[in-house]
Amino acid sequence: EESAKWYLLAAEEGDAHAQYMVGAMYGYGVGFAKDDQASANWLRRSAEQGDAEGQYFLGNRYAEGKGVPQSDYDAYVWFSVAAANGNGEAERNRDYAMSQLTPEQVKEGRELAGEYFGKYQPKQ
């Protein structure tokens with residue numbers, strides 16, 4: 001509970017890693033009551049700041065339909081961005097999500113992932 005308090009303070013100040021941690025903690029029900037929607041919201045904030053872990057876990061939220069509508073397409077996009085930002089686990093999940101899509105969806109998803117990668121890179 002103490003770490004949850006400090007992570008939440010840092011997350012509210014915009015720290016991407018803290019936002020990822022808060023999202024993960026909500027997702028697992030550690031330090032906060034389990035809340036899939038809150039988890040997805042914090043993970044999105046982290047992902048949009050370029051945190052590869054946040055991008056990976058947001059992809060998982062879409063793959064599982066937890067806190068967001070289930071979408072292999074959105075999972076594919078976020079796993080692709082996370083993989084491009086160096087998250088090795090995201091590659092395997094990306095490939096599985098891709099296998100659930102049509103060739104046209106893969107093409108569109110690849111283009112969107114490229115836009116997101118350019119937009120949501122880690123802050124230096």
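In which kind of crossing, left-handed or right-handed, does helix 2 pass helix 4? The crossing is left-handed, a label used if the near helix is turned anticlockwise from the far one by less than a right angle, with right-handed used if clockwise. The structure here is a predicted model, in which local features need pLDDT of at least 70 and side-chain atom pairs count only at pLDDT 80 or more, while totals for chains, interfaces and linings use all residues. Residues are numbered from 1 along each chain as its sequence is written, and side-chain values use heavy atoms, with hydrogens and water left out.

Helices (H or I, at least four residues) and strands (E, at least two) are DSSP runs, numbered from the N terminus. Two packed helices are described by the angle between their axes and the distance between the axes. Axes are lines fitted to C-alpha atoms, for helices over the stretch in contact, and angles run from 0 to 180 degrees between N-to-C directions.

Back to the opening pair. The axes of helix 2 and helix 4 cross at roughly 30 degrees and come within 9 Å. That makes helix 2 roughly parallel to helix 4; angles under 35 degrees count as roughly parallel, over 145 as roughly antiparallel, 65 to 115 as roughly perpendicular and the rest as oblique. On the helix 2 side, Y20, G27 and Y28 meet E53, G54, F57 and R61 of helix 4, where contact means heavy atoms within 4.5 Å. Sorted by class, this contact holds three nonpolar, two polar and two charged residues. For that sorting, Ala, Val, Leu, Ile, Met, Phe, Trp, Tyr, Cys and Pro count as nonpolar, Asp, Glu, Lys and Arg as charged, and the others, Gly among them, as polar.

Helix 2 (residues 16-28) also packs with helix 1 (residues 2-12), at an angle of about 135 degrees and with the axes 8 Å apart. That makes helix 1 oblique to helix 2. Their crossing is left-handed. Here S3, A4, Y7, L8, A10 and A11 from helix 1 meet A18, Q19, M21, V22 and M25 from helix 2. The contact of helix 1 with helix 2 has nine nonpolar and two polar residues, and no charged ones.

Two residues of helix 1 are worth a look. A11 sits in helix 1 and is buried, with a relative accessible area of 0%. Buried means under 20% relative accessible area, exposed means over 50%, and partly exposed is in between (1.4 Å probe, protein chains only). Not counting residues up to four places away in sequence, A11 touches A18, Q19, V22, W42 and R45. Y7 is in helix 1 as well, but Y7 is partly exposed at a relative accessible area of 27%. Setting aside neighbours within four places in sequence, Y7 is in contact with A18, M21, V22 and M25. Over in helix 2, A24 counts as buried at 12% relative accessibility. A24 and R44 are 20 residues apart in sequence, and their C-alpha atoms are 11 Å apart in space.

D72, A75, Y76, F79, S80, A82 and A83 in helix 5 meet A90, E91, N93, R94, A97 and M98 in helix 6. By class, that gives eight nonpolar, two polar and three charged residues. N93, found in helix 6, is buried with a relative accessible area of 16%. Leaving out residues up to four places away in sequence, N93 touches Y56, N60 and F79.

Then there are the nonpolar cores, each a set of buried Ala, Val, Leu, Ile, Met, Phe, Trp, Tyr and Cys residues joined through side-chain atoms within 4.5 Å. The largest has 24 residues, of which Y56, L58, Y62, W78, F79 and A90 touch the most other members. At least two residues of this core come from each of helix 2, helix 3 (36-47), helix 4 (52-64), helix 5 (72-84), helix 6 (88-99) and helix 7 (103-119). Helix 5 gives the most to this core, with eight residues. A90 touches Y56, F79, A82 and A83, again not counting residues up to four places away in sequence. Apart from this core lies another, of nine residues, among them A11, A18, M25 and A38.
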